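Have the viewer open as you read.

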Amino acid sequence: MLDRELIEELKARNFEALEHLITEYGEAIIRTVHAILCESHEQSEWEAVENTIFYTIWEKIGDFDPQKASFTTWLLMIARSKAIDQKRKLARDYHEDDGEKLNKLADQADDPLAQETFLELVDCLSQEDQQIFLLYYFYQVSPKNIAKTLSFEQSQVYNRLSRGRSKLRQKFAERSDSFGL
């Protein structure tokens with residue numbers, strides 16, 4: 001099933017489409033949750049956060065705009081956002097006074113690539129380059145494994161990452177200039 005068909009079926013509230021979404025994208029979403037909620041006291045929250053993510057996708061599928069980002073990027077940004085929200089909640093609940101952990105969360109929230117601007121910035125890249133960027137920077141998959149997964153040469157992955165970084169720098173500079181930063 002193509003993403004376009006999957007999106008339409010989800011909008012039509014077809015539960016089989018939700019099952020297909022979980023089959024197709026579940027592993028990537030789960031990896032995102034596990035990467036963010038990586039502390040031992042957070043791991044018990046994995047399943048609840050994953051369910052929240054799938055419910056949010058189900059409820060907000062009408063908000064998906066293919067002009068802003070690829071479907072994969074949109075899904076993973078929801079996953080990342082929900083996992084970070086849970087991490088913050090757990091930090092409050094456990095009364096963590098560890099300034100370093102809280103600063104790390106703040107840094108993630110302030111990072112322009114961690115916000116919705118990420119979708120706009122990455123939008124200037126091709127679908128394949130968006131996927132490479134997500135795998136490399138978001139999931140920290142090695143270029144060798146990305147090359148295997150996407151049937152590329154490893155050198156192609158490095159070239160696409162380099163060209164993509166240049167495009168993103170340029171796009172971010174244009175945004176900063178337009179805001180007078």
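Predicted model: local features only at pLDDT ≥ 70, side-chain atom pairs only at ≥ 80, totals over all residues.

Residues are numbered from 1 along each chain as its sequence is written, and side-chain values use heavy atoms, with hydrogens and water left out.

**Overall make-up**

The protein has nine helices and zero strands, where helices (H or I, at least four residues) and strands (E, at least two) are DSSP runs numbered from the N terminus. Of its 181 residues, 39% count as buried; buried means under 20% relative accessible area, exposed over 50%, and partly exposed in between (1.4 Å probe, protein chains only). Among contacts (heavy atoms within 4.5 Å) between residues at least 6 apart in sequence, 65% join residues at least 24 apart.

**Salt bridges**

The whole structure holds four salt bridges, each a side-chain nitrogen of Lys or Arg within 4 Å of a carboxyl oxygen of Asp or Glu. Among them are these:

| Pair | N to O distance |
|---|---|
| Glu42 and Lys87 | 3.0 Å |
| Glu128 and Arg160 | 3.2 Å |
| Asp129 and Arg160 | 2.7 Å |

Glu42 and Lys87 meet in a salt bridge. The pair links distant parts of the chain, 45 residues apart: Glu42 is in the loop between helix H2 (15-36) and helix H3 (46-60), and Lys87 is in helix H4. Glu42 counts as buried at 3% relative accessibility, and Lys87 does at 15%.

Which residues are linked in a network of salt bridges? They are Glu128, Asp129 and Arg160. Asp129 lies in helix H7 (residues 127-138) and is buried, with a relative accessible area of 8%. Arg160 is buried too, at 16%, whereas Glu128 is partly exposed at 39%.

**Aromatic pairs**

There are five aromatic pairs in the structure. Rings of Phe, Tyr and Trp (its six-membered ring) pair if their centres lie within 6.5 Å; planes under 30 degrees apart count as stacked, over 60 as edge-to-face and the rest as tilted. The ring centres of Phe71 and Trp74 are 6.1 Å apart and their planes sit at 20 degrees, so this pair is stacked. Phe71 and Trp74 are three residues apart in helix H4 (residues 71-93), which separates them by about one helical turn. Phe71 is buried at 4% relative accessible area, and Trp74 is buried at 12%. Ring pairs also link Tyr25, Phe64, Phe71 and Trp74 into a cluster.
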